[in-house]
Amino acid sequence: MFNEDQNLAVIFNGEIYNFQELTAELMRAGHTFATRSDTEVLLHGYEQWGKEMLQKLRGMFTFAIWDRKNETLFCARDHFGIKPFYYYQNDAGELLFGSEIKSFLAHPGFKKELNEEQLPLYLSYQYSPGEDTFFKGVKKLMPAHWLEWKAGQLTVQRYWQPKFDPDDSRTLEEWEDEISAAMKESVQAHKIADVEVGSFLSSGVDSSYMAALAHVDKTFTVGFANKQYDETDYAQEFSKHIGSRITLTALRRRNTGPTWARSSTTWMSLWRMPLRSRCTLSTAKHPSRSRSACPARAPMNFSAGTTFIKSRLP
């Protein structure tokens with residue numbers, strides 16, 4: 001998307017939850033909007049506030065803004081790193097960036113080299129921590145950081161830091177009321193969408209609380225064929241309690257492969273799942289031993305056209 005004079009262009013992945021308030025503020029400042037989208041807010045916000053726009057954004061996002069006049073690229077990742085962003089600068093000074101590392105593979109200036117230093121970290125933590133990846137030179141833009149590229153020079157800087165300021169003057173009941181009010185307000189902000197809104201429901205405390213606060217018409221639950229681990233009965237009961245229509249699916253494991261495979265990352269690929277879910281590992285950007293990856297992705301296969309209230313709220 002471009003701004004009015006075609007000087008600024010933006011590509012954007014995510015959602016800006018307070019875009020309506022920011023749109024109103026920018027219109028009062030004299031900006032003219034051609035759409036009602038949150039994407040356009042980034043263009044006019046950057047025109048108005050520059051990098052300080054990040055202090056006003058609320059949401060999950062990564063974006064890149066190209067300033068043609070100043071030949072400057074400005075990119076940013078949301079406060080908690082919900083949306084992924086990877087970048088790579090080659091020997092020629094070219095900058096590659098994207099939400100998946102595999103988008104770099106076809107570029108002739110990209111060197112496909114293994115970063116062996118990541119292996120001990122992966123074996124220790126079961127994922128790849130920090131900004132480095134398993135590809136040499138490929139880095140993650142860390143949460144709450146922005147990136148600026150100009151004339152081959154790259155600058156990365158943090159724009160937000162969480163703070164913990166204990167306040168002992170309030171009672172437990174007062175804190176309970178404030179937390180409850182904050183959760184309700186956050187869930188309502190997430191429900192602003194141009195498609196139907198639903199909720200994941202695992203039957204656990206957090207997803208049940210979100211679904212109850214959201215008052216959605218649909219919930220989506222993934223169960224297991226092995227009843228020892230299946231909790232769909234609880235999810236159905238709770239969904240009925242809050243007046244929501246539940247959609248269920250069950251995951252089944254193939255009876256193949258050695259026993260050791262079921263306790264490793266390979267174990268995840270043994271689920272009998274639709275192709276889209278089986279692609280979880282190939283599109284995961286960097287390795288992870290999280291066994292929840294496939295079950296968490298499964299609802300996407302039967303919930304097209306629905307945006308979700310999730311347990312992790314920015």
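Trainee: Before we start, buried means under 20% relative accessible area, exposed over 50%, and partly exposed in between, with a 1.4 Å probe and protein chains only as cover. By that scale, is Asp91 buried or exposed?
Mentor: Asp91 has 70% relative accessibility, so it counts as exposed. Keep in mind that this is a predicted model: local features need pLDDT of at least 70 and side-chain atom pairs count only at pLDDT 80 or more, while totals for chains, interfaces and linings use all residues. Residues are numbered from 1 along each chain as its sequence is written, and side-chain values use heavy atoms, leaving out hydrogens and water.

Trainee: Got it. Which side chain meets Asp91 in a salt bridge?
Mentor: That's Lys111, at 2.9 Å from N to O. A salt bridge here is a side-chain nitrogen of Lys or Arg within 4 Å of a carboxyl oxygen of Asp or Glu. The two residues are 20 apart and link distant parts of the chain: Asp91 is in the loop between strand 4 (86-89) and strand 5, Lys111 in the loop between strand 5 and helix 3. Helices (H or I, at least four residues) and strands (E, at least two) are DSSP runs, numbered from the N terminus. Lys111 is partly exposed, as its relative accessible area is 41%.

Trainee: How many salt bridges are there in the whole structure?
Mentor: The search finds eleven. Among them, Arg170 and Glu178 meet at 1.8 Å, N to O. Arg170 counts as partly exposed at 35%, and Glu178 is partly exposed too, at 37%. Then Lys227 pairs with Asp230, where the closest N and O atoms are 3.5 Å apart.

Trainee: And for that last one, is Asp230 buried or exposed?
Mentor: Asp230 is at 12% relative accessibility, so it counts as buried, whereas Lys227 is exposed at 60%.

Trainee: Switching to rings: how many aromatic pairs turn up?
Mentor: Ten in the whole structure. Rings of Phe, Tyr and Trp (its six-membered ring) pair if their centres lie within 6.5 Å; planes under 30 degrees apart count as stacked, over 60 as edge-to-face and the rest as tilted. Phe63 and Phe74 make a tilted pair, with 6.2 Å between centres and 55° between planes.

Trainee: Where do those two sit?
Mentor: Phe63 is in strand 2 (residues 59-67) and Phe74 in strand 3 (residues 72-77), so their pair ties together parts eleven residues apart in sequence. Both Phe63 and Phe74 are buried. Ring pairs also link these two with Tyr46, Phe61 and Trp146 into a cluster.

Trainee: What about Phe110 and Phe135, what kind of pair is that?
Mentor: Their centres are 5.9 Å apart and their planes at 45°, so that pair is tilted. Phe110 is buried, with a relative accessible area of 4%, while Phe135 is partly exposed at 26%.
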